[in-house]
Amino acid sequence: VADKEIEKDDLVTFDCIDGEIVGEETTPSLKEQVLKLGNEILPTDIEEKLMGRKKGETIELTTTFGEDFKVRELAGKTVKNRIMIQEVKKKILPAIDGEFAKDLGFENISELREKVRENIYEYRKEQAMKIQKAEILRKIIETHDFEVPETMLSNELDSLIMQERMSDERHRAEEAGEINDADIMNPTSEKSKPEQEKKSDEEKISELKEKALRNVRASIIINAIGQKEGIMVTEDEVKDRIYLIAKKLSAKPEAIINFYRAKDGSLEGLRQMIFEDKVLDLLLTKAIFEKGE
């Protein structure tokens, strides 16, 4: 929108004409940067100065960012900038009507609404089953206190720590609006990590140890139950699960296969997940049947 005034939730493209970080020799160089107002990344005073402005206008900004600002490079620093607005775009959502339904592959709006209702029902049903399975597993673990192999416990703890660090890195990068693939793929990197965050990670390890112990015990119990009940995982079940995951992620089945092979060296990790699901399905069925009796 060429002459549109900036409003909340607009997409604004701007160039930094000149700028400086007070007390440093660093000079920001920003060309054709795009930001979405109202994303809670920018301080409110900057958004206020942008509101009502138009394409071609120049704005001078002086902002002191808080110590907890999400972009670490600017936290606690004062930045002076002069920016020129290059473009302003308004997000326009399509009307939910017959044409919209046809674009999504449905005959009419009624068919689309029915599909949405089905999806909501299936989602809620799936979530309820997950809660029930978790409760069954929790009760089983509570009644079976036994020592676990140290190697299994160590491997599970390492896996949980890796997942935790990857999650933290991605969360911080998303908040800052800058995903660094190298950092995410190398979550053990400690560069640019505040000392308090390092301590926080160390404190989490004790919690993760307890979780690792529960996970290993659960895995041992599930394997024992599955073997006793003669539960098997067929190749067709593996293929069906790969197809289902690919559909949910809008990815090709080959990409899912490659992911598990890269992660576990084979599809055994996926096969084990299916096996555990089948055991929990059996336990859930028995629990419901006994409750019904």
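**Salt bridges in their setting**

Modeller: Glu235 is partly exposed, at 46% relative accessible area (buried is under 20%, exposed over 50%, partly exposed in between; 1.4 Å probe, protein chains only). This is a predicted model, in which local features need pLDDT of at least 70 and side-chain atom pairs count only at pLDDT 80 or more, while totals for chains, interfaces and linings use all residues. Residues are numbered from 1 along each chain as its sequence is written, and side-chain values use heavy atoms, with hydrogens and water left out.

Glu235 forms a salt bridge with Arg271, with 2.7 Å between the closest N and O atoms. The term means a side-chain nitrogen of Lys or Arg within 4 Å of a carboxyl oxygen of Asp or Glu. This pair spans 36 residues, from Glu235 in helix H7 to Arg271 in helix H9. Helices are DSSP runs of H or I with at least four residues, strands are runs of E with at least two, and both are numbered from the N terminus.

Now the count: the rule gives 14 salt bridges. One of them joins Glu126 and Lys248, at 3.7 Å from N to O. Distant parts of the chain are linked here: Glu126 sits in helix H3 (residues 109–142), Lys248 in helix H7, 122 residues apart. Glu126 has a relative accessible area of 33%, so Glu126 is partly exposed. Lys248 reaches 57%, so Lys248 is exposed.

A further pair is Glu229 with Lys286, at 3.2 Å from N to O. Again distant parts of the chain are linked: Glu229 belongs to helix H6 and Lys286 to helix H9 (residues 268–292), 57 residues apart. Glu229 counts as partly exposed because its relative accessibility is 39%. Lys286, at 36%, is also partly exposed.

Helix H6 (residues 195–229) also holds Arg217. At 14% relative accessibility, Arg217 counts as buried. Leaving aside residues up to four places away in sequence, Arg217 touches His144, Asp145, Phe146 and Val148 (contact: heavy atoms within 4.5 Å).

Lys252 is exposed, at 63% relative accessibility. Its C-alpha atom is 9.2 Å from that of Ile242, 10 residues away along the chain.

Of the 293 residues, 27% count as buried.
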